[in-house]
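I opened the model to look up a few things for my notes. The entries below follow the order in which I looked.

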Amino acid sequence: MTVEVTMPQLGETVAEGTVTRWLRQVGQTVGDQEPLVEIATDKVDAEIPSPASGTLLEIRVPENATVAVGTVIALIGEPHPTGPAGTPVRPPRHHHSPLVRRLAQEAGLDPDSIVGTGPGGRATRSDLVRAMAERTAPSSAPVAVVVAPPPTVAADWAALVDSADRAEPVDSAERREPMSRLRSIIAERMMTSLATSAQLTCVMEVDLSGIVRLRRAERATDDVPLSLTAFFVDAVVQALRAYPLLNASIDGDGRTIVHRGRHNIGIAVDTAKGLLVPVIRDAGDLSLRGLSRRIADLADRARSGTLTPDDLSAGTFTVTNTGSRGALFDTPILVPGQVGILGTGAVVERPVVVRRSTGEPAIAIRDMAHLALTYDHRLIDGADAARFLMFIKQRLEIERADVEAW
Amino acid sequence: MAELTYRDAVARGIAQEMRRDDRVVLIGEDIAGAGGVFKTTVGLLDEFGPKRVIDTPIAEQAILGAAMGAAMTGLRPVAEIMFSDFFAVCWDIVVNQIAKTRYMTNGQVTLPLVVKTGNGGALRFGAQHSQSVENWAMAIPGVKVVTPSTPQDVVGLMAAAIRDDDPVLFFEHKGLYASKADVPDGDIVDSLGTAKVRREGSDATILALGLMVPRALEAAESLARNGIEAEVIDVRSLVPLDARTILGSVAKTGRLFTVEENPRLLGWGAEIAAIAVDECFWDLDGPVQRITTPHIPLPAADSLEDLVIPSAELVATTVEKALQS
Amino acid sequence: MRLPLSEHRYGEHEAVLPPPAQDRHDGADIDRDTRLRMYRKLQEMRQLEKRAYDLFMRQLVKGTSHLSLGMEAIAAGFGAAMRADDYTFATYRGHAHTLARGVGMTPLLAELLGRANGLMGGKGGSMHLTSVEHGMMGSYAIIGAHLTIANGAAWSAQYRESGQVAVCFFGDGTTNIGAFHEALNYAAVFRLPIVFVCENNLYMEYTPIADITAVPRPAADRATAYRLEPIVADGNDADDVYLTALSVLDRARRGDGPSLVEAVTYRHGGHSRADPGKYRPEPEVQAWKAYDPVTLYRNRLLRLGVQKAELDVIDKDVTDAVDLATEEAIAGELPPPASAFTEVWADGGSSWRN
């Protein structure tokens with residue numbers, strides 16, 4: 001039931017009145033006889049009480065307007081009241097497109113409060129964008145949480161229909177196979193590594209002729225063959241002593257450097273099931289022969305699947321022999337938690353320029369290989385990486401050596 | 001690269017595939033000796049001979065039935081229904097037999113066939129020879145539906161249709177047969193189920209098919225002169241539908257318009273509009289509007305036909321008015 | 001039709017009787033083995049169809065079924081004459097034709113019961129029985145359509161020069177629909193290796209065929225319109241069907257083109273399970289029941305010296321097979337919900353969008 005509020009007669013001879021101040025706004029509730037509006041006439045000013053309790057639905061006469069006594073100045077009633085003819089009256093609807101409503105909600109804005117430049121004063125997308133830019137405080141309005149309905153037969157059916165409707169066409173030459181556990185782990189580690197560190201690779205060539213000669217000589221005499229990897233691991237450990245930052249780690253928060261004193265060098269082993277990286281703990285404590293023995297043991301156990309969890313953990317730096325199948329070099333991916341990994345390429349006989357003792361250049365055939373150091377640029381700058389790698393290169397480029405003195 | 005008419009592109013697409021696979025055969029009324037009433041199969045009889053390019057009686061059910069039976073048993077037929085209006089004569093074979101047999105036999109039967117047909121109006125052929133009926137086909141589960149609008153697309157989509165192992169209805173537009181464009185040399189193979197953005201824009205998305213594509217592009221040029229940059233998408237494939245490209249555009253522009261030659265009710269755009277309102281509701285900045293031929297048979301008189309089939313001008317004024325209200 | 005229409009008497013018409021003698025083809029030149037095989041097939045068809053009827057009565061078969069009871073000799077006779085790689089196209093009354101090509105009873109019954117172990121996984125049902133691996137290229141439910149499709153299979157065989165023949169079975173009512181005429185003309189024009197077999201059971205669904213066909217023999221009297229020989233066979237005598245089949249198959253295989261065979265027969269039941277068939281005159285029904293293709297054949301074999309015991313063994317074998325198939329069909333699981341979405345397209349899926 002809507003009640004009309006009319007301009008009262010504030011004196012016997014008063015014919016009109018002026019609304020000076022509305023004490024309630026449209027949409028607010030007002031109780032019966034509570035103050036509603038201030039009226040002024042040429043004789044008297046008065047505060048007019050509401051004739052009914054309800055919601056102020058409409059203000060027909062704005063402040064400072066003068067109207068005749070009896071004019072309807074406001075309507076009070078319930079939201080969705082019946083109008084004079086008994087027909088339901090809809091409250092005024094604001095036309096906001098779904099896009100505008102969504103943007104407004106996401107920004108915590110009331111679309112009605114935005115000055116609209118669209119037709120009929122409607123807020124447009126660009127109005128919203130402007131209003132959002134003008135706000136400095138982040139929105140504190142809670143974003144509506146859509147509660148998923150509990151799964152029902154209807155929901156299952158809908159999912160089935162939807163997945164059938166939009167399945168990608170299957171190529172009959174394709175076959176699907178779930179990844180093995182190891183494969184899944186490798187996949188995850190690779191992605192984590194690339195996603196959490198800033199990796200790039202520094203490459204140098206190294207002349208391994210001396211080591212090659214040494215190995216050839218030793219092979220004839222010794223029961224423990226000196227593995228090439230052992231030389232690399234040894235050179236790495238020495239370089240880590242000189243440049244300990246390459247042995248560090250960056251903590252999970254990304255802002256803390258964890259310096260590590262032990263040199264636990266991982267060696268990548270290619271097995272039938274996938275890549276495994278067993279770790280030589282305290283590699284610096286071992287001699288070349290000791291390293292060779294340990295490497296051989298770890299590689300065997302990797303291939304036979306008998307590594308223990310201790311064998312696979314606590315690495316601080318990794319060496320990977322990417323040249324075993326002939327690759328000149330590649331750009332290895334860091335083991336998560338480490339900031340350096342050295343990839344060693346295939347050893348290839350090549351003509352290179354050498355200097356005689358007289359200083360004159362000559363061409364010689366040497367056993368050359370590429371060393372590729374991938375490092376985490378969050379911690380290691382390019383110059384440090386290059387110095388580190390240069391140290392390793394110089395350590396490996398020996399003309400003559402005595403293994404025992406190594 | 002050379003200029004090719006749309007009608008020659010049809011023959012080129014078929015020839016390309018017939019050279020590659022001698023299971024591909026072509027049947028239809030007047031397609032062999034006469035090269036097709038619309039000259040879309042010129043030269044094929046000469047190149048491939050009377051065993052592979054065959055003129056049939058006027059018997060649409062027999063033509064499509066033969067294509068189906070041959071497809072079931074090792075051939076890859078292309079059959080022509082001269083005017084797409086004539087699908088009504090053999091619709092049983094399309095919707096009850098071709099569309100459903102693989103499903104009912106649970107996959108025992110495969111039907112790698114193509115039905116090509118001359119679709120659409122603007123040629124003053126009157127109500128029974130001018131209809132656009134690709135929307136009828138879209139409504140039937142079990143057939144794929146493509147509608148190329150350029151000569152290059154004709155070649156590429158014909159090749160894709162012939163290579164596809166499912167039944168494909170290939171709707172050529174009669175009003176585009178004389179249109180020309182540059183087409184690269186060599187084999188062209190396109191993909192079914194892909195729409196093409198013909199013009200990029202960020203103020204409105206306009207979807208069109210067939211003859212309506214050049215009209216939508218013309219409208220977009222006119223809109224651009226008034227500061228409205230419309231994105232025009234050539235839908236090309238109704239089944240499978242490239243919803244991703246279309247909805248991506250709607251999400252970007254917030255305004256969707258379709259330009260459909262079908263009569264008002266249940267044109268192809270009605271379905272896409274429903275999908276957009278369902279899946280892009282919160283990206284819509286205004287009502288989705290379909291610009292279509294009214295719900296009437298097509299008149300024969302040229303002035304009336306030009307009035308009722310959507311024109312570039314109608315598209316431009318509709319979009320402009322919508323964006324300003 | 002009796003004209004004017006106001007004179008037409010629905011439900012009253014002259015009985016059409018079977019041939020008087022059952023032994024006309026006793027002397028046919030057919031070897032014993034072939035005859036015994038045909039007898040076994042007749043038994044399989046008869047017993048299986050009866051079982052299908054029972055299962056329908058028990059409401060294990062849903063929807064509707066069109067049974068071939070009384071019409072088995074046509075399927076059996078052609079089945080024995082066809083090559084393993086020939087193509088069969090049948091109507092929705094196709095159970096016998098499916099058995100004729102060697103399809104197992106279990107998948108057939110399981111399909112009727114809508115089970116996962118059905119011939120089409122429950123997705124086609126009684127009216128669409130298909131087994132491509134057996135050459136049974138489908139049962140089709142729209143009158144006349146499959147004649148045009150069978151033409152395509154014949155065309156393909158001709159194109160590939162494989163020597164295969166397509167055999168297309170349909171009812172008398174089909175001879176009045178457009179697709180029949182399109183298909184016959186098309187086959188004749190291109191001299192396709194196809195045999196069209198009209199199983200004239202004298203009734204188009206509920207109406208006598210004579211009332212609504214312009215010519216007395218619905219198929220045979222149309223043959224000359226397509227420059228084909230009128231051929232009529234005794235559809236209840238498997239030997240007559242067999243010999244006719246050999247002749248027309250040979251013609252097609254030689255490259256001499258299509259044939260149209262009218263085989264006259266009679267349904268024991270109504271058009272479909274829902275129809276008790278009360279519109280047929282009682283003397284007609286009784287006379288044709290006495291001219292039963294299965295008993296006719298059994299009696300012939302006995303006259304030709306086959307031991308009753310041997311035939312009884314065949315009968316029992318078939319009963320056991322039908323019982324086993326029934327058990328396996330009833331034990332079959334319901335099709336998984338996901339199967340409703342499979343095999344619309346060649347990739348096995350049903351997706352229409354990305």
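**Entry 1: chain A**

Into which domains is chain A divided? Before answering, I note that this is a predicted model. I found domain 1 at 3–77, domain 2 at 98–134 and domain 3 at 182–405 of chain A. I then looked up the spacing of two of these, and the C-alpha centres of domain 2 and domain 3 of chain A lie 60 Å apart.

For secondary structure I noted 8 helices and 19 strands in chain A. Chain A has 406 residues, and 27% of them are buried. I also checked the contacts in chain A that have a separation of 6 or more: 61% of these join residues 24 or more positions apart.

**Entry 2: chain A against chain C**

How many residues does each chain give to this contact? I noted 9 residues from chain A and 11 residues from chain C.

**Entry 3: chain B against chain C**

I looked up the contact of chain B with chain C next. Chain B gives 41 residues to the contact and chain C gives 38 residues. On the chain B side, the elements that give two or more residues are α3 (60–72), α4 (91–98), α5 (101–104) and α9 (243–253). Which of them supplies the largest share? I found that α3(B) does, with 9 residues. By class, I noted 19 nonpolar, 15 polar and 7 charged residues on the side of chain B that touches chain C.

**Entry 4: a helix pair in chain C**

For this entry I needed two values, since two packed helices are described by the angle between their axes and the distance between the axes. I took helix α1 (residues 32–57) and helix α9 (residues 293–303) of chain C, which pack at an angle of about 150° with their axes 10 Å apart. Angles over 145 degrees count as roughly antiparallel, and α1(C) and α9(C) are therefore roughly antiparallel to each other. I recorded the crossing of α1(C) past α9(C) as left-handed.

Which residues make the contact? From α1(C) I listed C:R35, C:Y39, C:L42, C:Q43 and C:R46. From α9(C) I listed C:P293, C:V294, C:Y297, C:R298 and C:L301. Sorted by class, the residues of this contact of α1(C) with α9(C) are 6 nonpolar, 1 polar and 3 charged.

Key. Residues numbered from 1 in each chain as written. Chains lettered and ligands numbered in written order. Predicted model: local features only at pLDDT ≥ 70, side-chain atom pairs only at ≥ 80, totals over all residues. Axes fitted to C-alpha atoms, helices over the stretch in contact; angles between N-to-C directions. Helix = DSSP H or I, 4+ residues; strand = E, 2+ residues; numbered from the N terminus. Parallel < 35°, antiparallel > 145°, perpendicular 65-115°, else oblique. Left-handed = near helix turned anticlockwise from the far one by under 90°. Contact = placed C-beta atoms within 7 Å. Nonpolar A, V, L, I, M, F, W, Y, C, P; charged D, E, K, R; others polar. Domains from an automatic or database assignment. Buried ≥ 20, exposed ≤ 12 C-beta atoms within 10 Å, placed from the backbone.
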